[in-house]
Amino acid sequence: MTSIKQNDTPDALPDFRNLGVVARILIAVNLMALAAALYSATGWMHARDRFVEAAALVEPMLLTIVLVLYIVAPRLQRMNYLAGCAAVLAVALLFALATHTYWARSEALASGLGRTLVLTAIAVALLLGYFRLRARAYSPALAEARLQALQARIRPHFLFNSLNAVLSVIRRDPRRAERALEDLADLFRTLMSDARQFVRLADEIALLERYASLEQLRLGDRLRVAWEIDAAPSDALLPPLVLQPLLENAVYHGIEPGTGIGEVLVHVERRGDRVLARIENPYHPEHQHRAGNRMALENIRERLMLFFDAEARIETRVVDGRFRVEIEMPYRTERGPAS
Amino acid sequence: MSPLRIFIADDEAPARERLRELLDDIAGEVPSEVVGESRNGVETVERVPGSGANVVLLDIQMPGIGGIEVARHLSRLPDGPAVVFVTAHDRHAVEAFELNALDYLLKPVRAPRLAAALKKAQSAGPPAAANLERADARAREYLPVSERHRIVLVPVAEVLFLKAEQKYVTLRTREREFLVEESLVSLEQEFADRFVRVHRNCLVARAAIRGFERAAAGDEEAHWLVKLEGLSEGLAVSRRQWPTLRALVADK
């Protein structure tokens with residue numbers, strides 16, 4: 001899955017290999033079982049017993065179905081939505097039947113296969129409906145995230161100062177000026193590209209280098225960038241403009257308020273099936289009032305969630321007088337998740 | 001007419017370079033010479049007085065002190081320069097400039113606009129202190145102290161106490177003492193959230209207060225001393241201020 005273009009294909013099945021999706025299914029089905037137990041019981045203790053009783057059947061059934069969906073997830077992704085729904089329903093019913101038959105034989109739970117199958121179908125329908133609504137609810141947010149990417153990503157402060165810096169080198173060093181304008185063009189091309197599409201890590205890193213080169217022109221010796229990117233998996237996919245705003249923040253909050261030389265660290269590596277990125281800058285607590293930092297971080301957090309759900313995280317902290325942002329996300333390539 | 005003496009304050013080297021080029025370009029219309037440069041607010045305040053500048057081109061987003069505070073310090077100079085603010089993009093500042101009749105340039109700066117601003121600055125002279133104060137009503141972050149005819153800026157955060165002597169106010173940091181040419185009353189007003197009055201002639205930094213101890217017997221007015229971090233001697237607390245201070249410490 002290299003795209004989450006939900007506007008072009010309005011309905012899509014959830015990714016059954018996503019941790020967040022799996023967790024939601026498990027919680028939802030258990031809540032349904034709990035609700036059923038509460039409804040049918042005569043008292044609290046009775047409800048507990050009913051729930052435990054039901055769990056004995058529901059849990060193995062649920063886990064089996066989730067496991068099978070996990071296995072066939074790539075196939076399901078390739079189907080169109082309705083066929084996919086039918087396939088999910090078929091999988092659920094088939095394994096509900098299998099589990100029920102096996103369990104009913106060993107336990108005294110022959111409480112009617114028909115009802116089990118109907119309940120399973122209802123649960124599947126409810127969950128698919130929920131995931132469809134959820135996907136729809138988030139697509140405006142996605143469009144908005146894209147807008148934010150266009151409007152708030154590059155600070156006007158950076159744009160005008162960069163143009164000013166380019167103007168200042170045009171006469172002395174026309175080639176340097178040309179290079180700077182090319183960098184600026186690349187940066188804006190990315191800013192105006194489709195924010196819903198994954199990009200390759202190599203491209204995002206190239207963008208970081210262009211950006212750093214522009215800042216270098218403006219700030220000269222004051223900015224030092226340490227690149228630790230040898231272990232970065234260039235084929236990893238990530239949402240666009242996840243790292244660039246962090247570097248921009250690092251320069252804006254870490255270098256510009258300082259009168260001396262400051263170093264920004266860019267570290268990207270692959271660790272197993274995860275991609276780790278870390279950006280560090282000198283910390284100036286007295287300048288935290290410069291607005292915009294939180295907003296950029298929230299924007300990135302939201303987009304990571306839209307792309308990776310619960311599988312990505314972003315954290316910030318201050319370590320030894322340096323401000324550090326860490327991002328962890330799953331290692332995905334165009335060939336699919338890492339195996 | 002003698003050329004305008006111009007001081008350029010900007011933390012980005014290319015931006016300073018650009019202004020020099022533009023000044024060259026408009027030299028036919030507005031003759032000028034660059035008499036000094038600086039890369040941050042503190043440098044600007046310290047170097048402008050000795051440079052003999054008539055006009056300061058002042059970037060408002062430099063490390064250290066905000067541009068308007070720099071202008072406020074410059075406006076206290078006896079023969080203060082005119083100030084033209086320069087900003088790449090700062091909506092709030094631009095609004096404040098507009099409201100208070102302060103001239104500014106937007107980066108990238110255009111030559112004709114620069115020429116116009118310099119001519120205007122030449123005739124208008126230094127900005128009015130009152131306008132600057134209205135443009136940025138926050139308390140300053142530095143206090144100017146005079147030292148051998150130069151201005152030195154002391155960060156307000158480093159000040160332990162301010163004490164009025166006969167004619168002037170002394171300012172004490174952990175390391176040493178300076179003279180301030182401002183009244184204790186106006187300082188008390190501006191920095192009300194940072195300093196508290198312990199005596200009719202003394203303000204101490206709230207953050208530096210470490211405790212109180214009884215004064216030696218025989219002192220008529222004070223029977224308590226306030227102890228400050230990094231200072232061995234205590235400062236007398238007047239009877240009148242004692243209840244306020246005691247409440248302050250109880251809150252801590």
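**Helices, sheet and interface**

Author: In chain A, α7(A) and helix α8 (residues 244-255) pack at an angle of about 25°, and their axes are 9 Å apart. Axes here are lines fitted to C-alpha atoms, for helices over the stretch in contact, and angles run from 0 to 180 degrees between N-to-C directions. Helices (H or I, at least four residues) and strands (E, at least two) are DSSP runs, numbered from the N terminus.

Reader: Before I go on, what kind of model is this, and how are things numbered?
Author: It is a predicted model: local features need pLDDT of at least 70, side-chain atom pairs count only at pLDDT 80 or more, and totals for chains, interfaces and linings use all residues. Residues are numbered from 1 along each chain as its sequence is written, while chains are lettered from A and ligands numbered from 1 in the order in which they are written.

Reader: Back to α7(A) and α8(A): what do we call that arrangement?
Author: α7(A) and α8(A) are roughly parallel to each other, because angles under 35 degrees count as roughly parallel, over 145 as roughly antiparallel, 65 to 115 as roughly perpendicular and the rest as oblique. The crossing is right-handed. A crossing is left-handed if the near helix is turned anticlockwise from the far one by less than a right angle, and right-handed if clockwise.

Reader: Which residues in α7(A) and α8(A) meet?
Author: From α7(A) they are E204(A), L207(A), L208(A), Y211(A), A212(A), E215(A) and L219(A), and from α8(A) they are Q244(A), L247(A), E248(A), V251(A) and I255(A). That contact has eight nonpolar, one polar and three charged residues. Ala, Val, Leu, Ile, Met, Phe, Trp, Tyr, Cys and Pro count as nonpolar, Asp, Glu, Lys and Arg as charged, and the others, Gly among them, as polar. Contact means that the C-beta atoms, placed from the backbone, lie within 7 Å.

Reader: What else does α7(A) lie across?
Author: α7(A) lies across β2 and β4 (262-271) of chain A, at about 160° to β2(A). Those strands belong to an open sheet of five with mixed pairing, in the order β2-β4-β5-β7-β6. Two strands pair if DSSP finds at least two bridges between them.

Reader: Which strands are at the edges?
Author: β2 (223-228) and β6 (313-319) of chain A; each has a single partner strand, so one side of each is left without a neighbour in the sheet. β6(A) is joined to β7 (residues 322-330) of chain A by seven bridges, and the two run antiparallel. T316(A) stands opposite V325(A) in β7(A).

Reader: New topic. How many residues of chain A are in contact with chain B?
Author: 19 residues of chain A, and they meet 14 residues of chain B. The largest share of the chain A side, 10 residues, comes from α5(A).

Reader: How does α5(A) sit against α1(B)?
Author: The axes of α5(A) and helix α1 (residues 13-25) of chain B come within 8 Å and cross at roughly 55°. The two helices are therefore oblique to each other, and their crossing is left-handed. The contact is made by N164(A), A165(A), L167(A), S168(A) and V169(A) with P14(B), A15(B), E17(B) and R18(B).

Reader: And what secondary structure does chain B have?
Author: Chain B has eight helices and 15 strands. Its C-alpha trace spans about 75 × 35 × 30 Å along its principal axes.

How values were computed: Contact = placed C-beta atoms within 7 Å.
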